[in-house]
Amino acid sequence: MARMKFLCDAERCIECNGCVTACKNENEVPWGVNRRRVVTLNDGVVGAEKSISVACMHCSDAPCMAVCPVDCFYRTDDGVVLHDKDLCIGCGYCFYACPFGAPQFPQAGAFGLRGKMDKCTFCAGGPEADRSETEFHKYGRNRLAEGKLPACAEMCSTKALLGGDGDMIADIYRERVLRRGRGAEVWGWSTAYGLPPKPGAQPPQPQQPAAPTGGKS
Amino acid sequence: MIRLAFIVAAALALGACGEKEQVVVYKQGKYQGKPDTPPWKNESPVAELRGGKWTTGDEKSWEEAIKQRQLTQNEYKRIGQ
């Protein structure tokens, strides 16, 4: 059975924001809501600048599901984490729990009133009739039901963003890393898909900073 | 007669105090929303897809189609050696 995941290759991302635009356009996401964002680390530092495309990672043990007070989240058979907007009360707990900042809240009125939560659906729609007008209006396009992959991944010009079955995209990435000989780190995967710590296991010890090697300070 | 009318009026008045269930009955930790249809229960689009078509209701054939589509993300395979 497929377990849908996203993988962003920081060695390839050129910060073009094509994925953000593709998502916005495909799902007609309202103004102020960004289901996907491009984050740049070490901006301007020569040789250390990396960009990563971030959205809901559809975690194996999703914290949003755990904290939702009205239990509006569910996981599909393909491992996609979705939610029912008819049940969502817009409390924002999921936003605080999510390590990726995926849940977004449209402004629903004056005085900063929050609307119902909106997030990346892996282009899998939601709990409405598939490919219906209602589903599109509430959750966006259901590309999986059309035999397609998420628009962001398919639109990525450098194929930095991969989307699909975890085993398959990991194989693609592995081949890529072997060919180029660097950049094996997969950002966010241990957080999203890592195994929970075993009961009684020792927490990881923080690494000691390296001793200065005589450089000028 | 007045007594009967009083009883009926009292019954109607008290009936308004009843409370209807306004929210779903929550079961802790279980999804409470509407059911969703899996993608393979839809008909394959008429247009030619990169992944190929699937048989409606057949999960395996849908997975095979989406797998073929995923392979197009590997430019070493897509473009060729």
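These questions and answers concern a predicted model with chains A and B.

As a predicted model, it is described by local features only at pLDDT of at least 70 and by side-chain atom pairs only at pLDDT 80 or more, while totals for chains, interfaces and linings use all residues. Residues are numbered from 1 along each chain as its sequence is written, and chains are lettered from A and ligands numbered from 1 in the order in which they are written.

Me: Which helix of chain A has the highest confidence?
Reply: Confidence here is pLDDT, the predictor's own score for each residue, from 0 to 100, and its mean over chain A is 90. Helix α7 (residues 189-193) of chain A is lowest at a mean of 90, whereas the highest, at 97, is helix α1 (residues 18-27) of chain A.

Me: How many contacts beyond four places in sequence does the model have for residues 212-217 of chain A?
Reply: A contact requires that the C-beta atoms of two residues, placed from the backbone, lie within 7 Å. Over residues 212-217 of chain A pLDDT stays under 50, and where pLDDT is low, the predicted coordinates should not be read in detail. For this stretch, the number of such contacts is 0.

Me: Which helix gives the most to the side of chain B that touches chain A?
Reply: Helices are DSSP runs (H or I, at least four residues), numbered from the N terminus. The contact draws 31 residues from chain A and 28 residues from chain B, where α2 (59-71) and α3 (75-78) each supply at least two residues. With 6 residues, the one that gives the most is α2(B).
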